[in-house]
Amino acid sequence: GGPVVHYHSKSLVKYPEAGGVWNWHQDYGYWYKDFFLLPAMATAYLAIDPQNERLNNGCLRLLRGSNELGRIEHWSKGDQQGADLERVELAKERYEEVCAEL
């Protein structure tokens, strides 16, 4: 329960087979650094075009079940942020990496 608040929105444009990649991260890793103590938030992701492995167009990659991990530390350098890569590699040993086909 409690009030609903819009915290953040953005538009990402990535053309097929072009552009950069996003660092592995947890959205709560960012929220926590922005002083949200609890993960009582949600992310909504809307793909305008289909995304999947076959199209090779930058589908959203997830570690199935990794929500069990809780928050892991995130690093910041300039405008880049990401999850502790040592922890990500350990998580990849335990959780299946999947493409969210949209």
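**View 1. Glu97 and Arg61 joined by a salt bridge.** In this predicted model, the side chains of Glu97 and Arg61 meet in a salt bridge with an N to O distance of 2.7 Å, the term being used for a side-chain nitrogen of Lys or Arg within 4 Å of a carboxyl oxygen of Asp or Glu. The pair links distant parts of the chain, for Glu97 lies in strand 4 (residues 97-100) and Arg61 in strand 1 (residues 60-63), 36 residues apart; strands are DSSP runs of E with at least two residues, numbered from the N terminus. Glu97 is partly exposed, at 33% relative accessibility, a class that falls between buried (under 20% relative accessible area) and exposed (over 50%), with a 1.4 Å probe and protein chains only.

View 2. Glu53, Arg61, Glu89, Lys92 and Glu97 are linked in a network of salt bridges.

**View 3. The salt bridge between Arg71 and Glu73.** Here the closest N and O atoms of Arg71 and Glu73 are 3.4 Å apart. Arg71 is partly exposed at 29% relative accessibility, and Glu73 is partly exposed at 47%. The count of salt bridges comes to 6.

**Notes to the views.** Residues are numbered from 1 along each chain as its sequence is written, and side-chain values use heavy atoms, with hydrogens and water left out. Local features need pLDDT of at least 70 and side-chain atom pairs count only at pLDDT 80 or more, whereas totals for chains, interfaces and linings use all residues.

Methods: Helices (H or I, at least four residues) and strands (E, at least two) are DSSP runs, numbered from the N terminus.
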